[in-house]
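My entries follow in the order in which I looked things up.

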Amino acid sequence: MVALGRLVDVLTSLGGQLVCAPRGRDVQLRGVALHDPVERPSAAPDDVLLGLGTGTPSAAARLVARTAAAAVVLHGHPPVDERVLAAARRSGAAVLLIDPAVPWSQLANAAQTLVLGDPRHGSATEAGGDLFALADAIAAVVDGPVTIEDQQSRVLAYSYRQQDVDPVRVQTILGRRVPEEARRALDDYGVFDHLARSAEPLLVPKLTDSLGCRLVAAVRAGRELLGSVWVEIDEADGAELARRSAALLDGARAAALHLLRARARADLERQAEADLVIGLLDDATSAPAALARLGLPSTELRVIALQAHVGEGEHGAALLAFERATAGFGWSRPGRSALFGNVLYTVLPCGEEPDQARAWVRTLARELPAGATVRAGIGGCADANQLPISRQEADECLALHTADGGDPLVYDEAWARVLLQRLADAADAGRLPSRGPVADLLRHDAHHGTQYAATLDAWLAAQGDVRTAARRLAVHPNTLRYRLARLSEVTPVRLDDPAQRLAMAVALAVAARRGQVPSAPADQDQRPAQ
């Protein structure tokens, strides 16, 4: 964590200047995010956002206006376009302007080091600092820029020396993982198969115009593959290659010790974080102190409840989702998470608009194995004392999403369904009337094979729109009108009474949960169109 003023001081030395700071220079920064031009900005309120892909003043103004980040870094020369300044005044984001000659990789290096802690000078965690220092040491011995990556090709550390690297290395550090196209090229060459079965370094020739020559070695603890160490090199002769390979192998062995220590430390930190999050969701009494320890704001929070399944298993996927959520995406980790049973709960600062919460769910889903099924519910916007309420809303939306599928449900948009579900829960806990319209229709359907209960349910769900209800049942509108007339002969149905319509909707919801309201077949009670 660092104040905006400190970041400005450092970036000024790289040819930058602070253009505006609507909230002052004391704003605290806790993460670094990268702008993706094809997606809506998803930075957290305490992030510094690197504005890649904003080549025009209008694009820069749109980014500044739409972001929730505390600060935005842009390439450009003064004076700044007035549209950008107006956007900054509206969003409250500080704007820093950097000479376009300074590469984004260098800016990302400086921002990540400063905001997340300088691992080379002991302000980061011990394990992380050691790993960055190790990358520097390996780079000095093998004479090339180094990255240390995990099994998913995510960057854990990299050497300070990254000058004159190829485009893939730049994208890898900026995005904190190897780009997918480069991963496919490496996979096709057999690199990952080699890492899985051998500890010997492998020379990978230039595979594409953007992916130059590399030397890679697996990081192992016994038979377990923990990650890999990569060094970008020029083609080398036999003797020089042998020297570099031996040095890289020694570095990989040292990295294994650091990764094992980092794993143990991360497990402890995850548990501490999970305890604080569960405490927030159960009891808001000590919420302000817990939020401060978690580095979260005290307002404009949402709770996300998420379940993940891969194949027949649920707990393995849930554990993997928890690991990914607590490891973060890119250089930023806006939320704080806990795993309770097989449900992953995340407290996310994202404000009144739920788009950032939806984006968080999509990002996590991409981090899981192919074929994983993700279901999620997003609670309403809450301050510190309302987090238990937001958690209940998230649980209820998750239950509806699990039943329906589709996009994650947000309480703000699904509150009516949630309320009806609560009424159905209450009704289901007691005894429904043995007489009345719904009970009579269910008995008639059971004895005569009709579909009057399903017809009434569809009509109520469509708010009386015959064509919409008919489409839901896959029948002709005239067939639906005929059924409505017939069911009125079976039992008195007051379709013009709002209270009875609500009561019948609740009773039908309970009956559906009990499996008593089947879907109507298309050819039941058909009447020719008039």
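Entry on Gln307. I began with the surroundings of this residue in what is a predicted model. Leaving aside residues up to four places away in sequence, I found that Gln307 touches Asn342, Val343, Thr373, Val374, Arg375, Leu398 and Thr402. One of these neighbours, Asn342, is also a polar partner, for the side chain of Gln307 makes a polar contact with the side chain of Asn342 at 3.4 Å. I then placed Gln307 in the secondary structure and found it in strand 13, which spans residues 301-309. Is Gln307 buried or exposed? I noted a relative accessible area of 15% for Gln307, and because the cut-off for buried is under 20%, Gln307 counts as buried.

Entry on the backbone. Before going through the exceptions I reminded myself that most residues other than glycine have a negative phi, and that most peptide bonds are trans. Which residue in the loop between helix 10 (287-294) and strand 13 did I look up? The residue was Glu300, and I noted that its phi is positive, near 55°, although Glu300 is not a glycine. Its relative accessibility is 42%, so I recorded Glu300 as partly exposed.

I next turned to Ala474, another non-glycine residue with a positive phi, here near 60°. Ala474 sits in the loop that runs between helix 17 (466-473) and helix 18 (477-490).

For the peptide bonds, I looked at the step from Pro78 to Pro79 and found it cis, with omega near 0°. Pro79 belongs to the loop between strand 6 (71-75) and helix 3 (82-91).

Entry on a helix pair. How do the axes of helix 16 and helix 19 cross? I found that the axes of helix 16 (residues 452-461) and helix 19 (residues 498-513) come within 10 Å and cross at roughly 125°. With that angle, helix 16 is therefore oblique to helix 19, and I noted the crossing of the two helices as left-handed.

I then listed the residues that make the contact: helix 16 contributes Ala453, Leu456, Asp457, Trp459 and Leu460, while helix 19 contributes Arg501, Met504, Ala505 and Leu508. Sorting the contact of helix 16 with helix 19 by class, I recorded 7 nonpolar and 2 charged residues, and no polar ones.

Key: Residues numbered from 1 in each chain as written. Predicted model: local features only at pLDDT ≥ 70, side-chain atom pairs only at ≥ 80, totals over all residues. Heavy atoms only, no water. Helix = DSSP H or I, 4+ residues; strand = E, 2+ residues; numbered from the N terminus. Buried < 20%, exposed > 50% of the residue type's maximum accessible area, 1.4 Å probe, protein only. Polar contact = N/O pair within 3.5 Å; in protein donor to acceptor, adjacent residues only side chain to side chain. Contact = heavy atoms within 4.5 Å. Axes fitted to C-alpha atoms, helices over the stretch in contact; angles between N-to-C directions. Parallel < 35°, antiparallel > 145°, perpendicular 65-115°, else oblique. Left-handed = near helix turned anticlockwise from the far one by under 90°. Nonpolar A, V, L, I, M, F, W, Y, C, P; charged D, E, K, R; others polar.
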